[in-house]
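Here's a quick walk through part of a protein model. Have the sequence and the 3D view open as you read.

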Amino acid sequence: MPRKYGVSYDDDYADDFDDYDDDYDYDYRVEGNGTAAETMPKKEASKTGVWRCPICTYDNEDNMSACDICGVLRNPLVKVNAKNDDAAALFNFDAPSPDDLVSNGLQSLKLKSKGKISNERDTNVTVEFESAAEGKESSSASVTSDRSNGINENDSASASGKKLEFSDSSGDTKPLSSKIGKADIISKGKTASFSQYTPEAWMISDKADGELRQLNLAIVGHVDSGKSTLSGRLLHLSGRISQKEMHKYEKEAKQQGKGSFAYAWALDESAEERERGITMTVGVAFFTSNKYHVVLLDSPGHRDFVPNMISGATQADAAILVVDASIGSFEAGIDATKGQTKEHAQLIRSFGVDQIIVAVNKMDVVEYSKQRFDFVKQKLGTFLRSCGFKESSISWVPVSVMENQNLVANPSDARFSWFKGPSLLDAIDSFQLPARDSAKPLLMPICDVKSQSQNQVSVCGKLENGAIRTGSKVLIMPSKEIATARSLERDSKPCSIARAGDNVTVNLQNIEGNRVSAGSVLCHPDYPAQVASQLELKIVVLDISSPILIGSQLEFHIHHAKEAAKVVKILSLLDPKTGKATKKSPRCLLAKQNAMVEVSSPICVHSLGHGKQLL
């Protein structure tokens, strides 16, 4: 009986086969290098076309390589010298077995010596990852992996796309998206500091005397409250719309039977907006007051265009909430199911706007009634304070846009004599500008992509941080494309430098149009904006028809980005007054509840502690 070569058998085991009669005599040959050579039996079966198994003596067909009965191979792979049963052939492995490949996670292995596999050891591998806030400086996370002595320690720590975990000093675990040799932060909210950044001299404004600072002012409110008409009237009174243009708008509006919409047509320029009589996209215009260069962001009020309203609210430094004072219209605006007044107030507060003017419009319809104004102020004021607005940051201004009362000057109508407060324009000048830092790295969320051509894209948005000039290199996140600012436009006029707070159009070159979109972020090449895959959010549930469950599909709006998102966890319910958790891991969220949830959505975002620039 053939033995397993390289295995030592004791004498008793061999004696059991002493009486076995083998008809075949094997001639074993070993070559000079010590390897076993191919050996053939001296005798073949007497029958032609068949071969006899040396174990069971079954005659197999000649085309079979193994015995059909016992499975023994016709020609053994390795033989040893028959004269020396104790000598075992050496097996020379040039590669690990499949089991070794699976256990070690290696694709190849080089052995230092023949016939021996090097012992495994634990190697502490440092994985470098890009810091969104520190740019060229990199941090490191230690990842322990099983390696063998024959492996180069410079190999990557993990395959592309594998998720790693690291813990910061607070113990919170954050996922890392691993690449070959590097890993990008997938942030849940914490961002690194830009303290190491040194601004260039041209980025700091010289603050020339007489230069007006820019104020971005969002006009929001319920549909048909008079937002676009108010914006158009302010532009006309400030001289931005000439009398000739105004006469043209009046004539066109009367031809379509909408004479009262003449001022609104200064911003509602599309045929569909004029035909339907509602604002559908954010209209942008500007005028100058005594103190500011005011950029008006006329937002749509219809509930179907709330995403567009959000796009305008994210650029705002302050807001005017326009309310219709007429009987029934005010009540419809604050209605819980169809009104947009409350929702717009909550949205602008959630985007960091903390200064607001409540323009109570159409006072002429209610005969400039002080009682009606006080009713609106009492009813709406309670709600605004519940949203987080301070009483000192809310200005109440009754106006009549159609009658031009209390817009840029004190009211002239005798029925309006009871109001002793400021005019709307004076209230706008009373706003305080938020802090703007041109000394930080460039950060500009893209509001819209205006035009595209071969290797050139024109984008617009508000500079949140830093400064940009013609010829600057910029990084577009999350596509990670590098482009060059070919030219800049501010207020439809060419400029060479734009700084934090400016609304600009940037003409980019050396980039394809499909690599940039609304919601992308222009940033400094060495200080990229962070891209988060999972976010922990504090939310307020408005009036909804069905509960929010784990796995619910949502549309996530943040700055100018609109991304599909999914609720991963419902962490806790919050007390609306104190903000403390009242219940852990609820099954669902209902209307008018405050909660902490975790959602998954790849998006450029900042944590609240870092600033509101990307919120």
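## Ground rules

This is a predicted model, with local features needing pLDDT of at least 70, side-chain atom pairs counting only at pLDDT 80 or more, and totals for chains, interfaces and linings using all residues. Residues are numbered from 1 along each chain as its sequence is written, and side-chain values use heavy atoms, leaving out hydrogens and water.

## Strand 18 and its partners

Start with strand 18 (residues 481-490), which runs antiparallel to strand 17 (residues 473-477) and is joined to it by 4 bridges. Strands here are DSSP E runs of at least two residues, and helices are H or I runs of at least four, both numbered from the N terminus; two strands pair if DSSP finds at least two bridges between them. Glu481 is the bridge partner of Ile476. The two strands make a hairpin with 3 residues between them, and Lys480 in the turn has a positive phi of about 60°.

Strand 18 also pairs with strand 21 (residues 503-509), antiparallel again, over 6 bridges, with Ala485 opposite Leu508. Then there's strand 19 (residues 493-495), antiparallel to strand 18 and joined by 3 bridges. That hairpin has 2 residues between its strands, and Asp491 in the turn has a positive phi of about 55°.

## Helix 8 against helix 9

Helix 8 (residues 341-350) packs on helix 9 (residues 370-387) at an angle of about 30°, with axes 10 Å apart. Axes are lines fitted to C-alpha atoms, for helices over the stretch in contact, and angles run from 0 to 180 degrees between N-to-C directions.
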